[in-house]
Amino acid sequence: MILEFDINTDKDKALQDTRAKMDAIKAKLPADADDPIVSEIDFIGPIMSVAVYGTAPEKELTRRAEELKDALEGLGNVREVKLSGSRKEQLEVRIDLLRLEAYGLTAGQLLDALSRNNMVVPGGTLNTGQGAFNIEVPGLISNADDVYNLPIKTDGNTVVTFGDVATITRTLADATEYTHVNGSPAQILGVSKKLGTNIIDVSNQVRATTEALAKTWPGGVSYSFFLDQAETTTSLFRSLEAAVLTAVALVLITCIATLGVRPALMIGLSIPLSFMMAFLVAEMLGMTINMMVMFGLVIAVGVLVDDPVVVVEYAERKLMEGIPKREAFIMAMRKMFVPVVGATATTLGAFIPLLFWPGIIGKFMSYLPTIVIVVMIASFISALIFMPVIGSVIASTHVDEKEKAKADIVMYPDKFDPQKVGGLTGLYVRTMEKLISWPLPTLAVGFGIIAAIFITYATHPTGSEAFPASEPEYATVAVVGKGNYSPEEIRDMLVEVEDQLLQVHGIQDVIMQFGKTGAFGTMPPDTIGNFQLQLVNWNHRVPAEKIFADIRSRVKDIAGLDIQVLAAENGPPAGKDINLRVESNNYDDLVPVVAAIRDHLATWPEVVDAEDGRPSPGIDWQITVDRAEAGKYGIGVRELVPYVQLITNGVKLGTYRDEQGDELDIRVRLPKEERTFDALDSMRIATSGGMIPVSNFIDRKAVPKVANIERRNQVYVMNVAAGLVNLPEGVYAADKVAELQKWIGEQNFPDSVKVAFGGAEEQMGDANAFIVSAMGMAMALIFFILLLEYNSFYQVMVTLSTVIMSVAGVLLGMLVTGMSFSAIMTGLGIVALAGIVVKNGIVLIDTYNDYHRHQNVEAVKAMLLTVSQRVRPVLLTAFLTALGVIPMWANVEFDFIRREIVIGGLAGSWFIHLSAALVSGLFFSTALTLVMVPVMITAPSVLWQQIKWVGSLFGNVGQWATNPFRRKPEAAAPAGFDGMAVEIPDDADGAKRYVVSKEAGLAANKDDRRDAAE
């Protein structure tokens, strides 16, 4: 029985609670039932294999392999070492039935004599009054001679010993499994590391220990290392290391090109400062450096410089105005405090929900949001504390009058003139002046583009998958055979497969093992053996799919075997492409449904490696003891069972230690050629009625092999799984699963049967459900943060619209490139974008509010001032964020340490979907934000002015139309009076009040106390 707990459950408490429950029901179990054993199952496989082989005798190889196993298990970071292919030594007593019968002995007498004379005898202590002495009575067998000389029967002076009726030899136990490495016999040690330890360190320790111990080995014993996952980990780490350094270099180059050397130096210093703080916190949290942490740093490189860029860019503008360095950076810190806090808080608001991702995938992905959150907090501290301090020291104090004049134009409302703003910024500002004047057409076009993208993707989806496929470095070939095969028969069949595998190009090492030992991933039922393959490095071979196709073509004609090729999964385990289980309360309903689904899958040309959980054919021999008949002669099952064991594995009568201290089993059995049912029938047993053939008390018959009955949550289940190959362009496994789901829905299966899909389909469902909830939680957090900052529901909704723009950008990128939607990676990118893209809106709206609300600048002018100032930091922060992941999106690595450029690396294949989502979503959203947000923010004011203008226009037209019917004669106006203005004479007294009228024109008011308007 296997119990599966949530990944976050306290495993020690779960183990303790389970044991307590089992202890409570022990009394209800049958009296002859063994006590239940509760143990923890760890699915972490070996990280590397060590092969011990050579021309030395097998005993010597076994001894050295066991010696190495003990040494490796002594390493602190090693959890377990499994040794396969070895055989233990034993003392084998082979009975000669003819001699036994000639001396009138039975097998029972032989067994009794051996067990009576191989025991620990406590002699006690002799107290003589003058001293105390321990009494020793040696009773244990210590060598083969002791067994030879054991007496069995005495007849007068004649003593019959074991040596008279049996052959005693020290030999190896019968082989139950065989292992090969690249076609040669070997013994394999699979090394597993403890959870949370450094895989590279463990590999180095294993190699050093093996090399040190091997110096003491005799000639003819060699060793080799295989399937070392530390090599792949090192390659992936170097790839991600190159990605981080590339991102840092690109960010610094861009900052130098746009802001200058000193500002770029200040911004660049924020990267190591933030990383050092992040690593310190990660160490305190007990986090280790893994691939998700490294990619989190790749994302963080572009995001963490956003806050320093905003602060430094504003300070540089103030420095251009001639403000001293210290005051300029203090002003920048004060001015940018709110937008920096808001931008950081919204980014954290997007990543925090990702910490609550449940299940194995959540555990796998949790490192990325954790490290991004830590780095963002460090970046916030760096921007508002370290940047002003550093800037006040190294910033330039040179003031260029031309640059100062240009800066004044876009900084101060009274000096602002769109026509005087130069360069591309001026072109952008003048374009926005036109678009802001026509908000309805502009917004209609913008939202129309977004709607068109959503509709196009809905009608032409690019497919979906749970986790992006990546080039595997390892694989397993599972050999499935149904029948009662001996170990020798299995070995011969596996060798036939091995001969074919060794001819396949692109395979570096082939390790053959029995059963499911050492295999990567879950093996199909009835697996009799497997081959672990280490492929040649990915950039020196053809794609793995071609290697697997070559394997399938070579082994397809091997009769009697079903041979499946399974790539090692790099991401969360999902199993085969099609993975479902049939559930029912009625066991008899399962088999027909499973058979129907399996037969339907057989009609699909894309299906390979199909399997199901139906019972396998086979027989077992059942030997029944006639208890009543045996009871008549004073014997029972206990006396009869050893006779059966004599023709199988033998009767274990105990152990002994040899001169070297090795403990050996003592087993009694018949010679190999006599281990038959005929020999069992011919043996006699001593009873109260004399010597009676054993066959009189037993009955044997062939019975069907007992089927494995699986229940899941108290219902019967059977699994069906299959792989998919050679899918048409644009068709993904999820599409074929949907097709199968539709077919199942059309079938008339019994009502008691339920079909549930697992594997990647289940992962996609769970991932999509969580992404939706995480997105909703992120939007809610961002909403409340923005509401606190803006105090305006309308501005909050405008800012949140940038998230919709980013999603449209992600979909547009997939439509253009044909990339599939990864429920895990693309979904993660969309949630991350929610916190990143709103920064652009915050930078724009916060500056606009300062001009419009606090300085009472008219709305349109305030927005034009805003876009002229903030277009550079908005573009710069967006471009820097995207720049960090662009190399990984293009799957190009610039390795500065080893001075090489790698195209199509491992890291790129892992994170290309997430990188593509960030790049396309960020660029598209930024482009629309710079147009749509200014228009939406000023739209209410502009529309209100336009409505008032239209109302005034209609009012004037109506007044003009009705004037002919109500016109009255008017008095002639004085000279110089036009109804709106009048000329003031030069001699007018400024101390007096004047009134204007049509009759008198401009005249002094006699009563100064009266209102001049009267």
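Reader: Salt bridges to start with: how many does the structure hold?
Author: The structure holds 30 salt bridges, each being a side-chain nitrogen of Lys or Arg within 4 Å of a carboxyl oxygen of Asp or Glu. Bear in mind that this is a predicted model, where local features need pLDDT of at least 70, side-chain atom pairs count only at pLDDT 80 or more, and totals for chains, interfaces and linings use all residues. Residues are numbered from 1 along each chain as its sequence is written, and side-chain values use heavy atoms, with hydrogens and water left out.

Reader: Ok, what does Arg541 pair with?
Author: Its side chain meets that of Glu471 in a salt bridge, at 2.6 Å from N to O. The pair links distant parts of the chain, 70 residues apart: Arg541 is in the loop between β16 (527-535) and α19 (544-555), and Glu471 is in the loop between β13 (464-465) and β14 (474-480). Helices (H or I, at least four residues) and strands (E, at least two) are DSSP runs, numbered from the N terminus.

Reader: Arg541, buried or exposed?
Author: Arg541 is buried, at 13% relative accessible area, while Glu471 is partly exposed at 25%. The cut-offs are under 20% relative accessible area for buried, over 50% for exposed and in between for partly exposed, with a 1.4 Å probe and protein chains only.

Reader: And where do Glu739 and Lys736 sit?
Author: Both are in helix α24 (residues 733-746), and because they are three residues apart there, about one helical turn separates them. Lys736 is buried at 9% relative accessible area, whereas Glu739 is partly exposed at 40%.

Reader: What about Arg94, which side chain does that one meet?
Author: Arg94 meets Glu92 in a salt bridge, 2.8 Å from N to O. Glu92 counts as buried because its relative accessibility is 5%, and Arg94 counts as partly exposed at 23%.

Reader: Which residues lie nearest its centre?
Author: Asp174, Ala175, Thr176, Asn649 and Arg669, out of 23 lining residues; lining means having an atom within 4 Å of a point. α18 (487-501) and β22 (663-669) each supply at least two residues of that lining.

Reader: How does the lining divide by residue type?
Author: Six nonpolar, seven polar and 10 charged. Ala, Val, Leu, Ile, Met, Phe, Trp, Tyr, Cys and Pro count as nonpolar, Asp, Glu, Lys and Arg as charged, and the others, Gly among them, as polar.

Reader: Now the nonpolar core. Which residues touch the most other members in the largest one?
Author: Phe295, Trp357, Leu368 and Phe911, in a core of 150 residues. Such a core is a set of buried Ala, Val, Leu, Ile, Met, Phe, Trp, Tyr and Cys residues joined through side-chain atoms within 4.5 Å. Beyond four places in sequence, Phe911 is in contact (heavy atoms within 4.5 Å) with Leu240, Met291, Met292, Phe295, Met825 and Met888. A second, separate core has 40 residues, including Ile95, Val147, Ala630 and Met683.

Reader: Where's Leu561?
Author: In the loop between α19 and β17 (562-567). Leu561 counts as buried at 14% relative accessibility. Among the residues that Leu561 touches beyond four places in sequence are Val479, Met493 and Ile528.

Reader: Last one: how many helices and strands in the chain?
Author: 29 helices and 33 strands. Buried residues make up 46% of the 1014 residues.

Definitions and conventions. 1 Å grid on protein atoms, 1.4 Å probe; cavity = no way out; pocket = protein on both sides within 12 Å on 5 of 7 lines; lining within 4 Å.
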